Amino acid sequence: MGVPYAEVIGDPIEHSKSPLIHKFWLEKLGLEGDYRRSLVKPDELAGYLASRREDPHWRGCNVTMPHKEAVLPLVGELDPKAAKVGAVNTVVPPKAQGPEGFNTDARAIADMLSNAARPSYPAHVATYVQIIGAGGAARAAVIGAVEAGYVDFDFFNRTVERAQTMARWLSLSPNGYAHPLEGLGPIRNLDDGPTDQRYSHIVVNATSMGMLGNPEVPIRLRDYYPDTIVIDMAYGPNPTKLVRDGRALGLRVFDGLEVLTAQAAHAFRLFFGSDAPREHDSKLRELLTQ
């Protein structure tokens, strides 16, 4: 008799840390189950989902590149966040009622920003969320930030036309809110004091910059205010320069492994019906960085 299982699918897939995370939680909770890694080529995606839906032990899958958008027409009802993002990273077996496709990246960003302290000084004007990137991860970051209560955004991308597309997607002026990557920087006066009228910033890297041999994010965090929040969705065995610089300056920093773990916790509940044992995060992080 088989055991309940979930999996992560993509192409390539060998690098995925999702099996380590989910198996760690299953073991800590003493739950019967498994979590696997499955290579699925783009032309195999539709057949894969059809066959898995016939397996009574299948509890769903996480979806990574290049399938997050390609899977959209292959699933039934979408969770509202996934529909807004236009990308799915978690699929569960179809039910009589309820969504089949989810985006847990958006949920993770919403959790992080909801739990992070907001500025509370009299002269605070607004908090600008600066999104670096223009793909599905960037859209997920926007939806998560909106859920956490943020409404002001700027988009930065190597191809400014794609940043303009992001601005239009959020019904913003592409001329005022879309910028080339080299334009990344804070809205501030260098001589601002604690009572001056001012903005605060959230910086979200929703690209692969900083990992896997890619160039670093071209940003001078020392030009930003001390209350800046940094979220780096890129992850690898070592912290990115963005993360290292943010921590050295004493900023509130969420690194890629924190984002990965937070989104996985939402998926774990969808798959196995239990809350992830987040009290063991420090031990899990040790395993993820070995």
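Q: Which helices and strands each supply at least two residues of the lining of the second largest pocket?
A: This model is predicted: local features need pLDDT of at least 70, side-chain atom pairs count only at pLDDT 80 or more, and totals for chains, interfaces and linings use all residues. Numbering starts from 1 along each chain as its sequence is written, and side-chain values use heavy atoms, leaving out hydrogens and water. Helices (H or I, at least four residues) and strands (E, at least two) are DSSP runs, numbered from the N terminus. The suppliers are helix H4 (104–115), strand E11 (252–254), H9 and helix H10 (281–288).

Q: Which element gives the most to the lining of the second largest pocket?
A: On a 1 Å grid over the protein atoms alone, a pocket is an open set of points where a 1.4 Å probe fits, with protein on both sides within 12 Å along at least five of seven lines. Lining residues have an atom within 4 Å of a point. This pocket has 18 of them. With six residues, the top giver is H9.

Q: What is the volume of the largest pocket?
A: Grid points are joined across faces, edges and corners. A volume is the space filled by probe spheres set on the points. For the largest pocket, that comes to about 1,200 Å³.

Q: Which residues lie closest to the centre of the largest pocket?
A: The lining holds 42 residues. Closest to the centre are Thr64, Met65, Lys68, Ala137 and Ala206.

Q: Which element gives the most to the lining of the largest pocket?
A: Strand E3 (58–63), helix H5 (136–147), strand E7 (152–157) and helix H9 (256–272) each supply at least two residues. The most, four residues, come from H9.
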